[in-house]
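Hello,

Here is the structure we talked about. Please look it over, then read the notes below.

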Amino acid sequence: MLEKEKLTFHPISMEDQDWITKKLQEDDLGACEYTFANNFIWSEVYEVEVGQVFDCGVIRYRENGNFEYSFPFGNGDKKKAIELLRGICSAHNHKLCLYPIVDEDRKELIEWFPGEFEIDIDRNDFDYVYTVEKLSTLRGKKLHGKRNHIARFMDDQDWSYESLDKSNMDECRRMAKLWTEQREDKWNDEMEQEMKVLEKSLDYFDELGLFGGVLRKKGEIVAFTIGERLNSDTMVVHFEKAFPELQGAYPMINQQFVLHEGQEFTYVNREEDTGDLGLRKAKLSYYPDILLKKYSAVESHVVFANETEEEQILRIWEECFGDSKEYIKMYLEKRFETENMMVIHEDGKIVSMASFLPVQITINGKQEPARYVYAVATLPMYRKKGYASEIIKHAAGKYQEPLILQPADDALEAYYGNLGFILAFESSPCWIYEGSAKWESQSVTRMSEIDLDRWKMETINACEYKKLRDSHFAGEGYVEWDEDAIQFAMEENTFCGGEAVKLMNGEKEELLMYCIERNKLCIVETTMEEEELRKLLPEMMKNMGVSKAYASNAGGMVLLPQNLTWIEKKGYLNLTLG
């Protein structure tokens, strides 16, 4: 055991197996990376090193030339271990990066070091976890296709299953070699690395405590798989190879392996998809019981807000914008996620914040992922420190996507202009109708209840709204929201006393979202031409008791990443959302 005040890393070896396994068992972690075998077989690819400190184990990797560290594991003092790691990294002018982090460790990191780590999540890293019962029986309508494929594999009754051991290991090597030769045209460095790691797993198969399964057809191996115990109730599958042209080979080895080797477990972890869309489709086709989130963390002054800080966010919002608590709570419930609001802490609390909501924008004819910047706020006593601009610059570097916003006034337009934002969306707030007198408010106040000549009206749902909106406005510079965002925009507008409707005249369909602001009818968004809209306004205004109506489109600005050039810089934003 190393002295508690020191931490020395050394390349992982078989001599580390006992103590690492013991420490991992103390935490009983569910992420696929947390086995000795997995780290040992990948050690050459990621230059894996290990060490012990404060009765914890720590694994160090090298990823893209930089060191990353596992979250300390075992029954020791993890907080002190992290503090020591921070000191080691600081001495080398580096920031501590931790990966992978499971949810319980994420919560501890937040508690121990509030506002000091940017904790991020990547869908590509989620582990797919299934019950043993599901993969064994493939019961239910959703898995009917899997059962059909297996039935076709079994048609000739010329198949067999056996456990992988020294008696068939060389045959598995030959099958893997043939499998790679058949993919020569698709070969890449990642596949080459995986095959070397597979070879190492076979070399140390018994010593590592691995187990596997082999599937034969007409006496020849057509599929094999390798896994091991992950924790007290879960097995993990590290490798699965089958000839894809043989119908049913993949689902058959999957099922048979679990049937024969996995019955003492409750769950099967089939690892992540690494962003491979084909692999993702295959893993999702088994309908995972758990998508195990894994996080990364890096020391940072700008961090993501977390679910424990909603009250702090509410207070900042209320003080800076003056919105009601009911409205703020609605936003936090519907739109706040720990991956879309960035904050800065000072004096043990959040003092500055900004949201970055995912959207899409068409630039140079191509839809690009982008972020809508919303609710930028700093508490008054912490202003003039550059916190808001620091958050925005951090977000621009992190996302590498266009940042879109709508400045509230000329001063903010100048402020964002200094940060590199440019005007890119047309603004057109204008009066479109002004009656000669104010009508008395009638009993009917919602447009969907008004009987208008030639037009039939009905309320509209978010799916219909998005379809009409996209078909009408799509084109260069169009900012497109997803259906969830549209749903919130409609709910927000309803909260503010408005409504969204669909107007129908024969086969023609238009959308209209409106609200009443200070006794004025505000047309938030519509696909109608102004001339057509003007014909409807008098009756609408009469029933709503207002004498003025105006369309509201405040325009907006965009900050482009360095790798993106946009010549036109003219688009449609409008329906800005909280």
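This is a predicted model: local features need pLDDT of at least 70, side-chain atom pairs count only at pLDDT 80 or more; totals for chains, interfaces and linings use all residues.

Residues are numbered from 1 along each chain as its sequence is written, and side-chain values use heavy atoms, without hydrogens or water.

(A pocket is an open set of points on a 1 Å grid over the protein atoms alone, where a 1.4 Å probe fits, with protein on both sides within 12 Å along at least five of seven lines; lining residues have an atom within 4 Å of a point. The volume is the space filled by probe spheres set on the points, which are joined across faces, edges and corners.) It has 48 lining residues, and F321, Y372, Y374, Q406 and A408 are the closest to its centre. β18 gives the most to this lining, seven residues. (Helices, H or I of at least four residues, and strands, E of at least two, are DSSP runs numbered from the N terminus.)

Now the sheet. Six strands form an open sheet, ordered β21-β27-β26-β25-β24-β22, with mixed pairing. (Strands pair if DSSP finds at least two bridges between them.) β21 and β22 are at the edges with a single partner strand each, so one side of each has no neighbour in the sheet. β22 and β24 run antiparallel, joined by four bridges. In one of the pairings, K456 has M504 of β24 as its bridge partner.

Best regards
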